[in-house]
Amino acid sequence: QVPSMESLLRELEKSKGSKTSITCLCVVEAFLTLYMKRQNASTWGLKTPRNEFWAGEILSKWRDAKIIHVIRDPRDVMASLINYENIDFKVSCDPIRHRTAEVIKGKPISWRDEWCRSTLRGLRYSRRYPNRYIISQFEDILRSPKKEVKSMCDFLGIHYQRKMLKMDSQPGWSGSNSSYEQDMKKVHTDPINQYKDRIDETLIF
């Protein structure tokens, strides 16, 4: 399913035209365009973190691009990091204080500030580009997935499909699309407030 290096190089050469150099954005566009064609789709999208810090460049490069910025309770974001590392400590377990700090690189305050910068950046862009950049709350998506996904589709100008709510519909991807639970078959609310069982309360401030 993933484009080969040879096909990527051919796509870059074809799209280069009169350009004197190939930028990282050119590589991203060529790769995702190839992937889109392999899926017989008409639009490509990318789900990656930290795009809000480059939203200005993204929206400038692709004039028809739109961004959905999902914001989640920062306490659950930290809990998700712990879960991603396959750590299952409870609040009462002393080792969590040390391990949680390791997971977030030993800098809980810096990590908290990073979340704040990300959120403030997203709110700023949503005001600057109201028709191209929107904020969606993670918890709202879990509580009302159909409603929220339909709203996203309206914003993106694409048709809603029921399979969008499935957790195993990504082509070429085994398992679910969630790091919370690998066998997750549908959207549910269990990931909300998971920090209560996974984070030392002394690190929540």
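Trainee: Which residue forms a salt bridge with Arg50?
Mentor: Glu114 does, and the closest N and O atoms of the two are 2.3 Å apart. A salt bridge here is a side-chain nitrogen of Lys or Arg within 4 Å of a carboxyl oxygen of Asp or Glu. Arg50 lies in the loop between α2 and α3, while Glu114 is in helix α6 (residues 108–128), so the pair links parts of the chain that are 64 residues apart. Helices (H or I, at least four residues) and strands (E, at least two) are DSSP runs, numbered from the N terminus.

Trainee: Before I go on, what kind of model is this, and how are residues numbered?
Mentor: This is a predicted model, where local features need pLDDT of at least 70, side-chain atom pairs count only at pLDDT 80 or more, and totals for chains, interfaces and linings use all residues. Residues are numbered from 1 along each chain as its sequence is written, and side-chain values use heavy atoms, with hydrogens and water left out.

Trainee: What is the mean pLDDT?
Mentor: The mean is 80, and 71% of the residues reach 70 or more; pLDDT is the predictor's confidence in each residue, from 0 to 100. Over residues 87–103 the pLDDT is below 50, and this stretch has 32 contacts in the model beyond near neighbours in sequence. Contact means heavy atoms within 4.5 Å. Where pLDDT is low, the predicted coordinates should not be read in detail.

Trainee: What about the phi of Arg50?
Mentor: Phi is positive there, about 70°, although Arg50 is not a glycine. Most residues other than glycine have a negative phi. Asn40 also has a positive value, near 55°, and is found in the loop between α2 and α3. At 74% relative accessibility, Asn40 counts as exposed.

Trainee: How many salt bridges are there by this rule?
Mentor: Five. Glu29 pairs with Lys61, with the closest N and O atoms 3.9 Å apart. That pair links Glu29 in helix α2 (residues 24–38) to Lys61 in helix α3, 32 residues apart. Glu29 is partly exposed at 27%, and Lys61 is partly exposed at 30%.

Trainee: New topic: which residues make up the largest nonpolar core?
Mentor: Eight residues in all: Ala55, Ile58, Leu59, Trp62, Ala65, Ile67, Tyr125 and Tyr133. Helix α3 (residues 55–61) gives the most to this core, with three residues. A nonpolar core is a set of buried Ala, Val, Leu, Ile, Met, Phe, Trp, Tyr and Cys residues joined through side-chain atoms within 4.5 Å. A second, separate core of five residues includes Leu8, Leu12, Ala30 and Leu34.

Trainee: And what does Ile67 touch?
Mentor: Leaving out residues up to four places away in sequence, Ile67 touches Ala55, Ile58, Leu59, Arg132, Tyr133, Ile134 and Phe155.

Trainee: How about the whole fold: how many helices and strands does the protein have?
Mentor: Nine helices and two strands. From the N terminus on, the elements run α-α-α-β-α-α-α-β-α-α-α. Among contacts between residues at least 6 apart in sequence, 59% join residues at least 24 apart. Buried residues make up 33% of the 205 residues.

Trainee: Last one: where is Ile135?
Mentor: Ile135 is in strand β2 (residues 133–137), and at 31% relative accessibility this residue counts as partly exposed.

Conventions:
Buried < 20%, exposed > 50% of the residue type's maximum accessible area, 1.4 Å probe, protein only.
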